[in-house]
Amino acid sequence: MNQVTGVELIKACSAIGAGLAVIAGIGPGVGQGIAAGYAASAVGRNPGAQGAIRSTMLLGQAVAETTGLYGLLVAILLLFVQPLAR
């Protein structure tokens, strides 16, 4: 029976953690879709406010996307840097 060393365990846990960190991209995707849908319906109700609605929506989507980018950054660090596996 093969023994699992500490380095192998750390690499396996890093891969699992990276997969969990990428799941953080689901929330911003759903939120941005909902925001775009509401913005489209708002422009349909009031076409004169299209510029204000678009700028507010894009600002909100940029802020929401940062959580997804942080999750991707954590996943990349866990997969390629692995500071504990040295």
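**Overall form and helix packing**

Of the contacts in the protein chain with a separation of 6 or more, 79% are made by residues 24 or more positions apart. Please keep in mind throughout that this is a predicted model.

Let me turn to the secondary structure. The protein chain has 3 helices and 0 strands, and its pattern along the sequence reads α-α-α. The radius of gyration of the protein chain is 20 Å, whereas the globule rule gives 12 Å for 86 residues; the value is well over that figure, so the chain is more spread out than a compact globule. Along the principal axes, the C-alpha atoms occupy a box of roughly 70 × 20 × 10 Å.

Next, the surface. Of the 86 residues in the protein chain, 17% are buried.

I now come to the helix pair. Two packed helices are described by the angle between their axes and by the distance between those axes. For helix 2, residues 26-45, and helix 3, residues 50-80, the axes come within 9 Å and cross at roughly 175 degrees. Helix 2 is therefore roughly antiparallel to helix 3, the cut-off for that term being over 145 degrees.

Which residues of helix 2 and helix 3 meet? On the side of helix 2 they are Pro-28, Gln-32, Ala-35, Ala-36, Ala-39, Ala-42 and Val-43. Helix 3 contributes Gln-50, Ile-53, Met-57, Gln-61, Ala-64, Glu-65, Thr-67 and Gly-68. Sorted by class, the contact of helix 2 with helix 3 comprises 9 nonpolar, 5 polar and 1 charged residues.

One of these residues deserves a separate word. Gln-61 lies in helix 3. Is Gln-61 buried or exposed? Its relative accessible area is 16%, and buried means under 20%, so Gln-61 counts as buried. Apart from neighbours within four places in sequence, Gln-61 is in contact with Gln-32, Ala-35 and Ala-36, residues that belong to helix 2.

Finally, Thr-5. This residue sits in the segment before helix 1, which spans 6-22. With a relative accessibility of 41%, Thr-5 is classed as partly exposed.

Notes:
Residues are numbered from 1 along each chain as its sequence is written. This is a predicted model: local features need pLDDT of at least 70, side-chain atom pairs count only at pLDDT 80 or more; totals for chains, interfaces and linings use all residues. Side-chain values use heavy atoms; hydrogens and water are left out. Helices (H or I, at least four residues) and strands (E, at least two) are DSSP runs, numbered from the N terminus. The radius of gyration is taken over C-alpha atoms; the globule rule is 2.2 Å times the number of residues to the power 0.38. Buried means under 20% relative accessible area, exposed over 50%, partly exposed in between (1.4 Å probe, protein chains only). Contact means heavy atoms within 4.5 Å. Axes are lines fitted to C-alpha atoms, for helices over the stretch in contact, and angles run from 0 to 180 degrees between N-to-C directions. Angles under 35 degrees count as roughly parallel, over 145 as roughly antiparallel, 65 to 115 as roughly perpendicular and the rest as oblique. Ala, Val, Leu, Ile, Met, Phe, Trp, Tyr, Cys and Pro count as nonpolar, Asp, Glu, Lys and Arg as charged, and the others, Gly among them, as polar.
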